[in-house]
Amino acid sequence: MARIAILLNDRCHPKECQWECQAYCPPVRMGQECIVEGPNGKPIISETLCIGCGICVHKCPFDAIKILNTPEADESEIVHRYGYNGFRLYRLPLPTPKGIIGLLGPNGTGKSTALRVLAGIEVPNLGDYEHPASWDKVLARYRGTALHAHLSKIARGELRAAIKPQYVDRLSDEPFTAEGYVAAGGTADPTSALAQVGLASKAGRKLSELSGGELQLTAIARTISADADLYLFDEPSSYLDIVHRLEIARVLRRLGESHSVLVVEHDLALLDYLADQAHLVYGEEAAFGVISHPLPMRTAVNTYLNGYLKDENVRFRTEAVRFIAHPPKPPAHRNIAVRFGPLEKSFPEFRLRVGGGELAKGETIGIVGPNATGKTTFVRMLAGAETPSEGSPPKGVTVSYKPQYLKATQSASLRERVTALAADPSFDARLFERELVPGLHLDGLLDVALPDLSGGELQRGAVALAMARTATLYLLDEPSAYLDSDERMSMARLVRRQVERTGTTALVVDHDVYFLDLACDGLMVFQPEGTDGREGRGEGPFAMREGMNQLLRHVEITFRRDAETLRPRINQEGSVLDREQRSRGEYYYEPAA
Ligand code: ADP
Ligand code: ADP
Ligand code: MG
Ligand code: MG
C-alpha cells in the first residue's frame with residue numbers, strides 16, 4: 001500500500017493562510033521537499049516523501065488536504081487521474097449488450113468520470129497525467145480484456161453513446177425550447193419523446209422557463225430518443241417527485257429490454273427496480289474510487305446495506321443499515337404535541353387545502369406527493385413564513401425550519417456560524433458538535449466557506465443547523481436532495497433517533513422511499529385536485545401503510561419487503577405478487593405477521 005495525498009483545489013486559498021501545511025510538515029522541517037509551491041501557487045505534496053503523520057490535514061485552515069492509504073486495488077488498474085494531488089479512478093464498469101447496469105456509490109468517487117470514459121467523452125490517462133492521453137495507449141492496456149471490444153469501438157467512433165448528464169440545472173442557459181433541445185439529440189419525433197416522460201404540454205417552453213424536474217424530464221426524453229448503442233443516465237431522479245421517479249423507471253426499463261443502459265442513481269428503491277446488475281463503487285470522496293465487480297441487483301443493494309463486500313474483502317461502512325417492519329403504534333400511546341388546520345392558501349394561480357391533523361411527540365411524519373401540490377407552501381405556513389388564507393397555524397409551537405432551496409450567501413464557515421449562534425439560548429452547540437457533526441459526517445467541512453461546499457455538503461450542514469435548534473416541531477423540506485444513498489440513510493436514522501430521544505416532532509418532505517421508510521412513523525399525502533394542476537390537497541397524517549397505499553394507488557406500483565434486509569422492493573409489473581397485492585389494495589407492504 002502506498003500513500004495518497006489529495007489537495008482539494010477549490011478549498012485551497014494559499015494567499016489567505018500562512019502555509020501551515022508546509023510550515024508544520026516534519027519532513028519539510030528536516031530539510032526535505034515534501035511540500036513545495038507548485039506552478040499555480042498552490043502546494044504540491046510529495047507522496048513518496050510524505051510520512052503520513054496527518055499534521056498538514058489538521059493544520060490547514062480550510063480543510064483542503066487529505067492524506068490516506070491507497071485502496072486494495074492494484075496501481076495497474078488505475079484508469080484516470082486528475083493531476084498529481086488529484087482524484088484517481090480504479091477500474092471501469094462493463095456495459096452488456098442489453099439490460100441495465102447500475103452504479104452505486106458515494107459522492108465524489110468517480111461515477112460520472114467512469115460514464116464519461118465509457119461514452120468516449122473523456123480519454124482516460126491511465127494514471128499518467130503528465131502526458132496527453134490517447135486511445136492507442138488505452139487499447140494497448142486493455143488488450144485481452146472484456147472491455148477492449150467496447151473501448152476500441154468507442155475509439156474508432158463505431159459505437160454511439162447517448163448520455164444524460166448529471167447537472168441538468170445547467171441546461172437552463174441553453175437557447176432551446178424543450179422540443180428543440182430533444183430534437184437536437186437526433187430524433188425526428190421530439191414530441192412523442194416528451195410525451196413518453198409526460199411532458200408533452202411543455203414542448204414549446206424555453207429551457208430557461210422550466211423547473212428542475214421539467215429540465216430533468218427533458219434531458220431524459222432527449223437521451224432515450226437518441227439513436228445510440230449505449231445509453232448512460234447520470235442521476236436521473238434528481239429534482240423528480242416520487243411519482244415521476246416511478247414513471248421514468250418504467251421508461252428506462254423498456255429501453256433496457258433491447259439496449260445497453262448504464263445508470264448512476266442514489267434512490268435505492270429506483271435503482272433496485274431498474275437495474276439487472278450493479279457495480280458498487282467504494283473509496284474516499286475526492287481522493288479515489290474503485291469500481292467493484294458486477295453483482296446481481298438484489299445482492300448489490302443488500303451488500304451495500306450490510307457495508308461489507310466479501311469478494312474483495314472491503315468494508316465501506318462500520319454499521320449495517322437495518323430496516324424494520326414498522327409496528328403500528330397503538331393510538332393510546334400517542335402523546336399529541338401539535339394540532340393543525342384545516343388550513344388554506346390561495347395564490348393567483350394555485351389553491352392549497354390541507355385537512356386538520358395531529359402530530360405526536362417522538363414522531364417523524366413524511367410528506368409525500370407530486371411536485372407543485374403545495375407541500376412547501378404547507379410547511380411554510382407551519383413555519384410562519386406564509387400566512388394562511390383560511391385557518392391559522394398552530395399556536396404555542398416553536399419550529400425549526402430547513403427550507404427546500406438553500407443558498408450560501410455568506411462566506412462564513414459552519415464553525416463561524418455556530419460560534420455566532422453560541423449566545424442564542426435556542427441553539428444547542430453541544431448537540432451540534434457531539435451528535436450532529438459526527439452523525440452527518442461534517443468533521444472535515446467545519447472550516448470550509450459555505451459557498452465552497454458542494455450541494456450535498458451544504459444540505460448536511462443546513463440540516464445539522466436546523467436540528468441543533470431547540471424546538472417542538474422540526475420542518476425539513478427535501479433534506480435528501482443532493483445526498484448519496486449512504487448520506488440519506490444516515491440522515492434518516494439521525495433525524496428519527498433525535499426526535500424519539502427528545503420527544504419532539506418532525507415533518508419531512510421527501511421523495512426517496514428508503515429515506516421515508518427509515519425515518520418515518522407516518523405520512524401526509526398531497527395530491528393534485530381539479531383540472532390543470534391549479535389545486536392541491538393535503539391529508540393526514542396516516543400510518544405508513546395507509547399513506548403509501550393512498551399515494552401508490554395512483555401510480556399503480558406495488559412494493560414487497562426483502563426477506564433478508566426488510567427493505568422495500570418494487571414488484572415487477574404484472575408479476576403474481578403485483579397482481580395479487582393490487583387486487584387486495586395492499587400497495588406498500590404486508591403487515592408484519
Ligand atoms: P461522482 O460522480 O462519483 O460524484 P466524479 O466522477 O464527478 O464523482 O468526480 C470524482 C472526483 O474527481 C471529484 O470529487 C473531483 O474531486 C474530481 N474531479 C472530477 N472532475 C474533475 C476535473 N475535471 N478536474 C479535476 N478533478 C476532477
Ligand atoms: P411543492 O412543494 O409540492 O412542489 P409548492 O408549495 O412549492 O409545491 O407550490 C405549489 C404551487 O403554488 C405551485 O404551483 C407554485 O407555483 C405556487 N406558489 C408557491 N408559492 C407561491 C407564491 N409565493 N406566489 C404564487 N404562487 C406560489
Ligand atoms: Mg457524479
Ligand atoms: Mg416543495
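Modeller: Happy to! Let's begin with aspartate 63, which sits in the loop between helix H3 (55-59) and strand E4 (65-69). Keep in mind that this is a predicted model.

Colleague: What is phi of aspartate 63 near?

Modeller: Phi there is near 50 degrees, a positive value in a residue other than glycine. Most residues other than glycine have a negative phi.

Colleague: And is aspartate 63 buried or exposed?

Modeller: Aspartate 63 has a relative accessible area of 14%, so it counts as buried, the cut-off being under 20%.

Colleague: Which other residue has a positive phi although it is not a glycine?

Modeller: Glutamate 556 does, with a phi of about 55 degrees. You'll find glutamate 556 in the loop between helix H19 (544-555) and strand E25 (559-561). Its relative accessibility is 42%, so glutamate 556 is partly exposed.

Colleague: What about glycine 540 to proline 541?

Modeller: That bond is cis too, with omega near 5 degrees. Proline 541 is placed in strand E24 (residues 535-543).

Colleague: Last topic, what are the domains?

Modeller: The assignment gives domain 1 (2-70), domain 2 (75-159 + 229-308), domain 3 (335-542) and domain 4 (556-593).

Colleague: How many Å separate the centres of domain 3 and domain 4?

Modeller: Taken over C-alpha atoms, those centres are 29 Å apart.

Note on methods: Residues numbered from 1 in each chain as written. Chains lettered and ligands numbered in written order. Predicted model: local features only at pLDDT ≥ 70, side-chain atom pairs only at ≥ 80, totals over all residues. Heavy atoms only, no water. Domains from an automatic or database assignment. Helix = DSSP H or I, 4+ residues; strand = E, 2+ residues; numbered from the N terminus. Buried < 20%, exposed > 50% of the residue type's maximum accessible area, 1.4 Å probe, protein only.
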